[in-house]
Amino acid sequence: MSLKRRAALALQRLLLRTWLLLGADARALACAERITQGHPDDVHALATQAHLLATQQRLAQALCCQSRVVSLAPGDAGAWFNLGFLCEALGELVQAEEAFGRAVALDPRLDRAWYGLGLARMRAGRDEQARQALERTTELQPMSPFGWYHLAHVHARLRQMGEARRIVEHLRGFEPRVARQLERELPVAGEHT
């Protein structure tokens, strides 16, 4: 690449960052699209484009961009997580589970990828595997109620109401609203034995 082209690309990337910092999403998206037209392998511009398209609910287009990102950066756990998120949003559960699985294989501490993996497995009706992924989520993020909430539902679906009750009690200590929500959704979870 010539010096002139490198300078033009650097300027476009600076402009993209500026639009993002200013919260000018439409301009940032247009800038990312210009970058990827001239430089289709620019991972940052592609990832930004995917993110901004997703925020506009243009999920199929976002998925195309994010698929390109993981093909260019196959060792990036975050990129695989983002791909899984988009696949799940589009109802492509097999692909979502595969992407989340790649993300946790690359970074076993990526709690949100474990969470996504758990949800994809729940939606696929694979509750035992969902339980395992959600338990890992709660180990990595013990104060986030979302993993606990879905884990309680998985335990209920597996007819493990003692475990569901234990989660409700646990949540009462730091997220009482979520505990009450679970009691409404899983009436047996509120019973004390």
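**Why the helix and pocket terms apply**

User: The axes of helix α7 (residues 111-123) and helix α9 (residues 145-157) come within 11 Å and cross at roughly 30°. Why are α7 and α9 called roughly parallel to each other?

Analyst: This is a predicted model, in which local features need pLDDT of at least 70 and side-chain atom pairs 80 or more, while totals for chains, interfaces and linings use all residues. Residues are numbered from 1 along each chain as its sequence is written, and side-chain values use heavy atoms, without hydrogens or water. Helices are DSSP runs (H or I, at least four residues), numbered from the N terminus. Axes are lines fitted to C-alpha atoms over the stretch in contact, with angles from 0 to 180 degrees between N-to-C directions. Angles under 35 degrees count as roughly parallel, over 145 as roughly antiparallel, 65 to 115 as roughly perpendicular and the rest as oblique. The crossing is at roughly 30°, so α7 and α9 are roughly parallel.

User: Which residues make the contact of α7 with α9?

Analyst: Y115, L119 and M122 of α7 touch F146, G147, H150, H153, V154 and R157 of α9, where contact means heavy atoms within 4.5 Å. Five of these residues are nonpolar, three polar and one charged; Ala, Val, Leu, Ile, Met, Phe, Trp, Tyr, Cys and Pro count as nonpolar, Asp, Glu, Lys and Arg as charged, and the others, Gly among them, as polar.

User: What makes α8 and α9 roughly antiparallel?

Analyst: Helix α8 (residues 127-140) packs against α9 at about 150°, with the axes 9 Å apart. That angle is over 145, so the pair counts as roughly antiparallel. In the contact, D127, A130, R131, L134, E135, T137 and T138 of α8 meet residues of α9 including W148 and L151. By class there are five nonpolar, five polar and four charged residues.

User: Which helices supply the lining of the largest pocket?

Analyst: α3 (43-55), α4 (59-72) and α5 (77-89) each supply at least two residues, and α3 gives the largest share, five. The lining has seven nonpolar, five polar and no charged residues.
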